Amino acid sequence: MIKLEQLKRHLKPGQAYRRADLARWSTSVDRHLKQLVEQGTLRKLSGGLYVYPKETAFGPAPASDKDVVSAFLKDDTFLLASPNAYNSLGVGTTQLYDKTIVYNHKRHGEFQLGNRKFAFRMKPRFPKSLTHEFLLVDLVNNVDQLAEAKDEVLKRVEQRAASSDRRRLRRAVREYGNERTKKFFDRALRASELHAA
């Protein structure tokens, strides 16, 4: 029991932990994990991944997606995105999705962590944070996976591209666009430049 209390002192509310993180503070980590889960101190999210819920006035609050993904990947180099962010671009996307995309360098596939669904996508490059330009490029990269009418959305993206910062958009297309996306923006930006001339 004393060892369990010592382990508990290392835990911070709202944090996610891997079994390996806790092994450095416990000689019988599996037994201690089982006891902590039974007590309700820790909640199991998936194999080897646990969270110490933070108590709020409304009950236990889950760890942030950022903390959970960071513990899952054992890495801080990733970008959380969601198709819902496309709705802020004003290109006619209105659907709401219950999935968070995780651009990273390590894992690929769909994972259920706790009661949240994450789609891990391995990418060679992604920005540190979501920018308007990256979202436009990302939307065109993933347009086939959206529920909206593809042609309507792409027509509006062309209009948005024409009023965007061309230099920043071209850089985002070069760094993050797939081949089809590069061709799409090359055509769209060339057409808007001819139109402006």
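## The main nonpolar core

The largest nonpolar core holds 29 residues. Leu139, Val157, Leu169 and Phe185 have the most contacts inside it. At least two residues of this core come from each of β6 (78–81), β7 (99–104), α5 (132–141), α6 (150–162), α7 (166–176) and α8 (179–196). Helix α5 gives the most, with six residues. This is a predicted model.

Take Leu169. Beyond four places in sequence, Leu169 touches Glu133, Leu136, Val137, Ala161, Ser164, Phe185 and Leu189. A separate core of 15 residues lies apart from the largest one. Its members include Val68, Ala71, Val102 and Phe118.

## How α5 meets α7

The axes of α5 and α7 are 9 Å apart, and the helices pack at an angle of about 45°. The crossing of α5 past α7 is right-handed.

On the α5 side, the residues in contact are Glu133, Phe134, Leu136, Val137 and Asn141. They meet Arg168, Leu169, Ala172, Val173 and Tyr176 in α7.

## Asn141, a buried polar residue

Asn141 sits in helix α5. Its relative accessibility is 12%; buried means under 20%, so Asn141 counts as buried.

What does the side chain of Asn141 make a polar contact with? The partner is the side chain of Thr181, at 2.5 Å. Leaving aside neighbours within four places in sequence, Asn141 is in contact with Tyr176, Gly177, Asn178, Arg180 and Thr181.

Methods: Residues numbered from 1 in each chain as written. Predicted model: local features only at pLDDT ≥ 70, side-chain atom pairs only at ≥ 80, totals over all residues. Heavy atoms only, no water. Core = buried A, V, L, I, M, F, W, Y, C linked by side-chain atoms within 4.5 Å. Buried < 20%, exposed > 50% of the residue type's maximum accessible area, 1.4 Å probe, protein only. Helix = DSSP H or I, 4+ residues; strand = E, 2+ residues; numbered from the N terminus. Contact = heavy atoms within 4.5 Å. Polar contact = N/O pair within 3.5 Å; in protein donor to acceptor, adjacent residues only side chain to side chain. Axes fitted to C-alpha atoms, helices over the stretch in contact; angles between N-to-C directions. Left-handed = near helix turned anticlockwise from the far one by under 90°.
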